[in-house]
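Dear colleague,

I am handing over a structure for you to look through, and below it I have set out what was found in it. Please keep it open while you read.

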Amino acid sequence: MDGILYDAQRQGRISFYMTHYGEEAMIGSAIALTSDDVIFGQYREAFMLLYRGFTVDDMVNQCFSNDLDAGKGRQMPIHYGSKKLNFQTISSPLGTQIPQASGAAYALKLSGSNACTICFFGEGAASEGDFHAGLNMAATLKCPVIFFCRNNGFAISTPSSEQYVGDGIASRGIGYGIETIRVDGNDIWAIYNATKAARQIAVEENRPVLIEAMTYRIGHHSTSDDSTKYRDRKEVEERAQFDNPITRLRRYMESKGYWDAEQEDAYRKQARKDILKSFSAAEKRKKPAVKHLFTDVYDELTPNLIRQEKELEELIKKYPEYYNTDDYASS
């Protein structure tokens, strides 16, 4: 899916995309949680949604901002969200989800729920003030939250050597009195076991936990980034070849007799076929109805929004050559 949608952006068919290349092992965290646990994602947590039942159709509809997009075309591509799946909608500003996750965890604690929140962020976001506020709040209020830092080494475009001098992000957790562990972020079993243990502490003891997963971003930060400007292409190729999370898992499964090259080839071909089918269907659909420019902010439209909607309708009727709505779904 990453390959197809990344190429689609380069062809001008969607406006933006971010890949998971190099960080695929993080799916181990999804397996360690329950469906009641609330997820606060950053950008590269599509695996969480897929594991919980979000479909490829749901994802490509969102990336195309068509009339089946649950966000009604109001979000950037890959800024997914699902109330049904307990996945809070992703927002672009860095770090805002960290104190939100602490607050939501505190609410879960007060309600007596046997659940926790998990908050994903990168080491770059840990430079934001929200990181410190969120961790301190969770520690002092004893919130059942798992802070999951994906330390991929480059933030948006800044090597970690230029971000901090201390020992990564894990040491900061200790400073706030939070249970902390650093793991190999390319090992799916390490991710699973760390998250499983963290959840047990969070839910049973009402204490926050910080996980720092050391990984390496193989792809560009996003389609707006050119990582060759701040790192050596050869270094990236070597990491992709010798420490690839998918390759590591595949070789493990093959050594145990769970998987083989024939199954791998068949699976990849079928997956590509299924994704292209969803992609083609999503691209052909119309954009959300124009009325959704005004809905959902308030329970009922306010007088000023009613006037604005009426004014827009009149403009569309008066100047159809400038306001062509053929590509939008009917109201």
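Is His 20 buried or exposed? His 20 is buried, because its relative accessible area is 10%, where buried means under 20%, exposed over 50% and partly exposed in between, with a 1.4 Å probe and protein chains only. Please bear in mind that this is a predicted model, in which local features need pLDDT of at least 70 and side-chain atom pairs count only at pLDDT 80 or more, while totals for chains, interfaces and linings use all residues. Residues are numbered from 1 along each chain as its sequence is written, and side-chain values use heavy atoms, with hydrogens and water left out.

His 20 sits in the loop between helix 1 (2–10) and helix 2 (27–31), helices (H or I, at least four residues) and strands (E, at least two) being DSSP runs numbered from the N terminus. Leaving aside residues up to four places away in sequence, His 20 touches Asp 2, Arg 44, Glu 45, Ala 46 and Phe 47, a contact being heavy atoms within 4.5 Å.

Turning to the sheet, six strands form an open one in the order 2-1-3-4-6-5 with parallel pairing, where two strands pair if DSSP finds at least two bridges between them. Its edge strands, each pairing on one side only, are strand 2 (87–88) and strand 5 (179–184). Strand 1 (residues 38–40) pairs with strand 2 in the parallel sense over two bridges, and Phe 40 has Gln 88 in strand 2 as its bridge partner.

Best wishes
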